[in-house]
Amino acid sequence: MDKYPSEILSLTLNEATFHNETVPLAAVNFFFGNNGTGKTTLARSLKTGMGVAWNPERQPDDYTLHLYDRTFVEDNLRSSSQLAGVFTLDEQNIQVEDQIAQASKELDEQRTRRNKAKEQRDEKNQSLTTLTEKTAGTCWDKSTDIRTRFPATQEGKKKSKQRFFDEVLSQQTAKEHDLEDVGKLYSVAFDVEARTYPRLAALRDEIPDSDLLGKAITSSADTEYAQFVKTLGALGWIEQGHAAYATEARDTCPYCAQKLPENFEEQLAASIDDSYRADVTALKAFASDYQAVTSALLETPKSHQLADLKPGLDLAEYDTQLELLRVTVEANLKTLDAKIQQPATIVTLEPVQPVVEKINRLIGQANTQIDQHNTVVNNQRSQQQTCIQQVWEHLAFDLDETVTAYRRDKATLESEIAALDKEKAAADQRVHELELDIENLTKQTVNTAQTMITINKLLHDSGFEGFKLREKPSTPNVYEVIRANGEIADRLSEGERNFIAFLYFYFHLQGSLTNTGEIKDKIVIIDDPVSSMDTGALFIVAALIRELVNITLNNWGPPTGTSGRDHIKQIFVLTHNAYFFKEATYNRVSYYKHVSYYLVRKHNNVSSVLTCVRNRHDAPSLQENYSPVANAYATLWQEYKEVSSSTTLLNVMRRILEHYFLQLCGHDGANLRTHILEDHRDQFITVNDDGSQDLTDLRQAESILAYINHEMTGLGDDTFYIEHAADSETCRRVFHSIFNLMGQEQHYNMMMQQTTDFNAPSKPVGAQQTTIPSTQEEATQ
């Protein structure tokens, strides 16, 4: 069963003689330790916050820490005869107190509302941070290929996911681009060695044509020979043959080898008229012109092959069309040659113009690429920006779905954060208003004279006769200490100063110290409040501290007789005085969930804090508190339950038996040994199955009681040593049997269970039996 968490969960000490000592804390905390062990260091660490671990559900600014220690005495008891004014609530102002209680309740609610809004806002902010980081990672992963492909466009942005994501979010345009085109632009724009290239020359597209190709060229002569040749349609053939062979053939026909007529030349000439000759001449001229033009067409591509071509041009189709042009031209030249050979034939040339036009279109496309390349080279800086823009537009296009989802979720979270900010601001405003209201209400109840009366009544009702307080005439808020004989005390003892200072501290906790008003819940630290006090003062201080403890416990359950007040949320009491510790902690050891006990120790100049918690005897799986200040007899029983060494255990058992049976019950050591070991000898003997006797328990009983006859010094003797110790289980069994045989089973069970509080407060010698008022209101009635 764990303790309930309070305002301060733990304290880690690294000051003075403490070294990384962590102390878990409860609502009510009692520390006991000798002077010089480190209690003051612990108290001041709580006050300063050094090593303090707060409950994450609490806000430290909502509390005031009040520390009573030697410094408090020096700061607040300004002289031996003066005490600064105390502002506190007056019992007559019950209505105002109710208003303050109501306002305080709402103040707590508004602080809770504010803290909850702040916590939820922080959670939303964390969710927004997580969303941003996650989306940035997603965008980073999705863009890996493009960032790798175009690294120069990522300078200054590619080094971190968040900077890259911020750049994506800043894009105004999301546009898909052809990455092949972007790649071409990138390769030139960011190439420091890029240069310009000349354009390709276009082919001449004016191809000559002639009607003679579709005309049968014949002579119109009407001689008998002319008609014969015309009928044959072989005038061109005969004319060409004559021109080629007439000289060699002389007067013989080169074809039939017959002798030619003597007038053959006249007949041949008579068969060719002027029109025929003109057409043939024109045909030959056309053929010559056609050959010249087409030769020029075919020469232009040769110049391209020798030119400084831009790398990367796709000329495959261009080369195909050039080959087609060459074949077509050659075919047409052959056709023209045949026409010239046989002018009478009708021929048709293969069209060249479409091929030339297609080639020129391919040249135009190539020149467009060259122009684009040259433009990029000539404007490289601006083209780099264009390339960067295109890459980021494409990235924005690719990541549009992810970014859109992010913007939607981000807007939702930001809207919720804004609403929580508004909620917190409203709560802050209301907290401020309530604090002012409580401050004004508190000012209405300030009454220093009534406080003085209250303190005096407390002293009187508690049976304290050492002094009383009186307001110094003509000096408001300054008090004189009056002795029992009516004389003004001009000098106070240290104990008296501490007592007055503690009363001042006590009533300060009930109200407020200054006229600004106390509006926060309190955490109280009390360090050695009874130094140099007499028993009467010590008794009063212990009773007042028990009241402060009750106020603290009111936060965890039904009111404990302190008018239901719960303005003290956590309390720490530290002392070296064992009597005071017992009085202050009376009846609280069983409050395990809300109360903790500690022992502050120092060994080899190193301080440590022991949390006084142990397993319950009746339920070992559960834990319970135990007081570090117990009477010697109870301490022996506690040591008996915890010790494991057989030798040490025998010593502890011997001391318990001596104290209880010899000192308390009045038995004689020898008679006790006789009664147990002789009258009840059989009780310690076990008969085995084979009839033999097991004397283990008897020998152990003899060992335990062996030295009871000797005169011992009682509980203070720590040096007695018993030899031949058996195992601890046998020791405990025999020890239990001794109490049974002596008729003290009930006492044994009681001490083992230890339900009685051995630290119950006792009435101090000379003190009256009176009730300490639980509140200032009770004290003033």
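Leaving aside neighbours within four places in sequence, Q570 is in contact (heavy atoms within 4.5 Å) with S6, E7, I8, L25, A26, A27, N29, K522, I523, V524 and T552 in this predicted model. Q570 belongs to strand β9, residues 568–575; helices (H or I, at least four residues) and strands (E, at least two) are DSSP runs, numbered from the N terminus. Its relative accessible area is 0%, and Q570 is therefore classed as buried, the term denoting under 20% relative accessible area, with exposed meaning over 50% and partly exposed in between (1.4 Å probe, protein chains only). A polar atom of the Q570 side chain lies 2.8 Å from the backbone oxygen of A26. A polar contact is a pair of N or O atoms within 3.5 Å; within protein, one must be able to donate a hydrogen and the other to accept it, and residues adjacent in sequence count only if both atoms are side-chain atoms.

Because the model is predicted, local features need pLDDT of at least 70 and side-chain atom pairs count only at pLDDT 80 or more, whereas totals for chains, interfaces and linings use all residues. Residues are numbered from 1 along each chain as its sequence is written, and side-chain values use heavy atoms, with hydrogens and water left out.

The secondary structure of the chain comprises 25 helices and 15 strands. Of the 781 residues in the chain, 44% are buried. Among contacts between residues at least 6 apart in sequence, 76% join residues at least 24 apart.

Strand β9 is part of an open sheet of 6 strands with mixed pairing, in the order β5-β8-β9-β3-β10-β11; two strands pair if DSSP finds at least two bridges between them. The edge strands of this sheet are β5 and β11 (606–611), each of which pairs on one side only. From one strand to the next, the twist averages 15°. Helix α16 (residues 494–510) packs on the sheet and touches β5, β8 and β9, its direction making about 165° with that of β5. Axes are lines fitted to C-alpha atoms, for helices over the stretch in contact, and angles run from 0 to 180 degrees between N-to-C directions.

Strand β5 runs parallel to strand β8 (residues 521–527), and 6 bridges join the two. Within this pairing, V524 of β8 is the bridge partner of H66, and Y68 stands opposite I526. V524 is also among the residues in contact with Q570.

A further open sheet is formed by 3 strands in the order β2-β1-β4, with antiparallel pairing. Its edge strands, β2 (21–24) and β4 (52–54), each pair on one side only. The twist here averages 20° from one strand to the next. Strand β1 (residues 8–13) and β4 run antiparallel and are joined by 3 bridges, with W54 of β4 as the bridge partner of I8. I8 is likewise one of the residues in contact with Q570. Helix α1 (residues 39–48) lies across β1 and β4 and runs at about 125° to β1.

Among the helices, α6 (residues 179–189) has V182, G183, L185, Y186, V188 and A189 buried. The N-terminal end of α6 is capped by D178, a side-chain oxygen of which lies 2.8 Å from the backbone nitrogen of E180.

Two helix pairs were also examined. Helix α21 (residues 669–677) packs against helix α22 (residues 696–705) at an angle of about 175°, with the axes 11 Å apart. This makes α21 roughly antiparallel to α22; angles under 35 degrees count as roughly parallel, over 145 as roughly antiparallel, 65 to 115 as roughly perpendicular and the rest as oblique. R673, I676 and L677 of α21 meet L698, A701, E702 and L705 of α22. By class, this contact has 5 nonpolar, no polar and 2 charged residues, where Ala, Val, Leu, Ile, Met, Phe, Trp, Tyr, Cys and Pro count as nonpolar, Asp, Glu, Lys and Arg as charged, and the others, Gly among them, as polar.

The axes of helix α23 (residues 728–741) and helix α24 (residues 745–753) come within 7 Å and cross at roughly 135°; α23 and α24 are therefore oblique to each other. The contact involves F735, H736, F739 and N740 of α23 and E745, H747 and Y748 of α24. These residues divide into 3 nonpolar, 3 polar and 1 charged.
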